[in-house]
Amino acid sequence: MGEKIGVYVCHCGTNIAGMVDVEGVRDWAKDHLAEDGVVVSRDYKFMCSSLGQELIEKDIKELGLTRVVVAACSPHLHEKTFRTASERAGLNPYLTELVSIREQVSWVHTDKAVATEKSKALLAGTVERVVYNEALEKLKVPINPNTLVVGGGIAGIQAALEIANAGFHVYLVEREPSIGGHMAQFDKTFPTLDCSACILTPRMVEAGYHPNITLLTWSEVESVSGYVGNFNVTIKKKARYVIEELCTGCGICVEKCPMKVVDDAFEAGFGKRKVIYTPFAQAVPNYPVLDKPNCTYFKNGKCKACEKFCPTNAIDFTQEDKYLNVDVGNIILATGYDLFDPRRIPQYGYGRLPDVYTSMEFERMCNASGPTDGNVVLRDGKTVPQTVVIVHCVGSRDENYNQYCSGICCMQSLKFAHLVKERTGAEVYNCYIDMRTPFKDYEEFYKRILDEGTHFVRGKVAEITDAARIPAEEGKLIVQVEDTLIGKQRRIPADMVILSIGIEPRADAKQTGQLFGISCSASGWYMERHPKLDPVTTMTEGILIAGCASGPKDIPASVSQGAAAAARVLDKILQKEVEMEPIRATVDEDKCSGCKICNNLCPFNAISFIDDLAVTRINPALCQGCGTCVAACPAGAISGTGFSNEQIFAQIDGLLMGV
Amino acid sequence: MSKSFEPVIVGFTCNWCSYRAADAAGTARVKYAPNVRLIRLMCSGRLDPTFVMKALAGGADGVLISGCHPGDCHYIDQNYKALRRFLLLRRTLKGFGIEPERIKLVWASAAEGVQLAREIDSFVEDIRKLGPLNWPKWDSNGHAAEKQPVMEVTA
């Protein structure tokens, strides 16, 4: 072929050299791959270091290399590094390939001789392949400056505000009637004990009235098409039965509505709301929503009290769901989390024993605008508890439910201990497995709660029961727990038990992920492109994640992620165009027989049939480069850049060299 | 090298899921059988059945095909096309007198490094039981020859 190939084998310190005979691979390449065009083969301690890169650049310039193969780590780590190095030396970046002999060899195998042989095979495959690599130019597509943010919790609000403040338009979609998310339900936030609503509502209002934010509450994303820079999104605006343009948010309809139902959403099932309602006083927007399945008029055809009393005729019983179509360049998913349902742990008695509460119920109980007006009382609404037990790790760090630590519950439980003491003076027991208070001022808060006289019992609660064994336990809840610090079983009689429930991926996280083309990790949270270095982007360009969508987080971390995702989006918007890998399929019209086999294979509608010429054409702007049509063409008329048949065939030959 | 039969397996992986699963297995130092040699494609839908034939003809004893889980495809639903081709390939192999178990389809997400490693291990054992493919090697004139592959697979 006349190509001059340079082979570079990396030691990666001992990461590769510990399990692969690097010098052996280097010499083997020189001896056995010379007829494939290898003219130089070198090894180096760290190829990715600037000295390693200079080695390649020097060879390209001095030896006139036309292809470069680096045997090192995964292309997902350093392909860009080496391609950029080649480019600096004047070689088209797509003529450089990486062979993964670290992730796929040295780190996963245990026999040095076998690992060395496998490294040679992988190297030979790539050397044979790279001969058929073509010089390619990156594709550039313009970026639509609008952004879609899905989820109006604190992470989504932060992301939307950052982008809007920078002067770009944001569509903020929230499926509940108001933005605010879980943070709006909390009473106090740890460790500062700020009132949650006091710090959140100004942000909500800012987002609600921002000229650059189109707020779409009571709305859900129905479908997404397109790709980075050019997404087309259909949003369903669910019928509110309230005409937003006419509604003044006066609340008369809520007052006059004769029906009350249990509020499973905002009040976590702990309180009631009207059938036409705003979830809470500071809701943004403050237009109410009519709950159709529970509405007397929709059920019996009679009532319409809300319509009769509305001073602006804003009630419309004929309203239907509306569908909105918007074009955006980037999408941030801040879809948050669900709470663990403690009914799944029957021995804790939640739902059966009235004075066992979830953490969210207790948040609402503490809140001055909640069902008990902020009084910490038992289910009867008046008795003040004398003893309260707070159970940590409910549904978290438990092989039967969720293996992971939910991260926030220790601090939340400490906060509850403080609030119970402050409001009732009760004895408080915290039953914990381990205390986890790792961030700023968290350990200090733990110390403060210790000093306040809260009892700490190190042990996982076995059972919560109302079956008394001794007279002192009569009429109490008994918490059975092994105190592992004193090595004794304890039965703690209590009036109230609070279950610090863990947080879980949204029940529909998987479906939502599929809608946007991103995937979930084993525990169900959305996967980041890199868990450490790229925590807010995903494998799908233009789809970002923030907040608890990618795993348990506290408020500061969610806010940081919202801002980080926004920064990434702004970076893209300001570049005005996005570079895309030039991996595309093209049709050789002379070879195309017009059989149309490929026509139905493309999910991006990039393939069209030209009737006049009886041939198929591929629109490179729509093609995403999956290569399915290339594989399907019986005439071999479609070729795919970067992964051509010639390249793959040559790679197979190389991999099987000597077999 | 041990004297027992060591199968050679060519694996086709998707850039977005199973190739990253292999990366994840590496990062977590999950050990697995060294018999598999992976080729990265952008999508399992890129898998041309001739790739599999070429690998088997070229000396592989088995071929692993892996893609994103159904519903998780980076390109919406192209992994279903890989599934179709896989099922067809198994029938074709049977027609050639080759055990269809020599090809295996595995769904592996980018998070499933451990699962992919275990699938590779079990596939290697399956192929070890089947024994070498021992496809007779013929030259282009139909005479038995040592180095010619059984069929000429062209691009």
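**Ground rules.** I am looking at a predicted model, where local features need pLDDT of at least 70, side-chain atom pairs count only at pLDDT 80 or more, and totals for chains, interfaces and linings use all residues. Residues are numbered from 1 along each chain as its sequence is written, while chains are lettered from A and ligands numbered from 1 in the order in which they are written.

**Entry one: an open sheet.** I looked up a sheet of three strands and found the order 11-12-17 in chain A, with antiparallel pairing. Strands here are DSSP runs (E, at least two residues; helices are H or I, at least four), numbered from the N terminus, and two strands pair if DSSP finds at least two bridges between them. Strand 11 (219-227) and strand 17 (322-328) of chain A are the edges, each pairing on one side only. Strand 11 of chain A joins strand 12 (residues 230-237) of chain A through eight bridges. There I found G226(A) bridged to F231(A).

**Entry two: strand 6.** Is strand 6 (residues 147-150) of chain A covered on one face or on both? I found both covered: T147(A) and V149(A) are buried on one side, L148(A) and V150(A) on the other.

I saw V150(A) opposite V173(A) in strand 7 and opposite L333(A) in strand 18.

Terms used
Buried ≥ 20, exposed ≤ 12 C-beta atoms within 10 Å, placed from the backbone.
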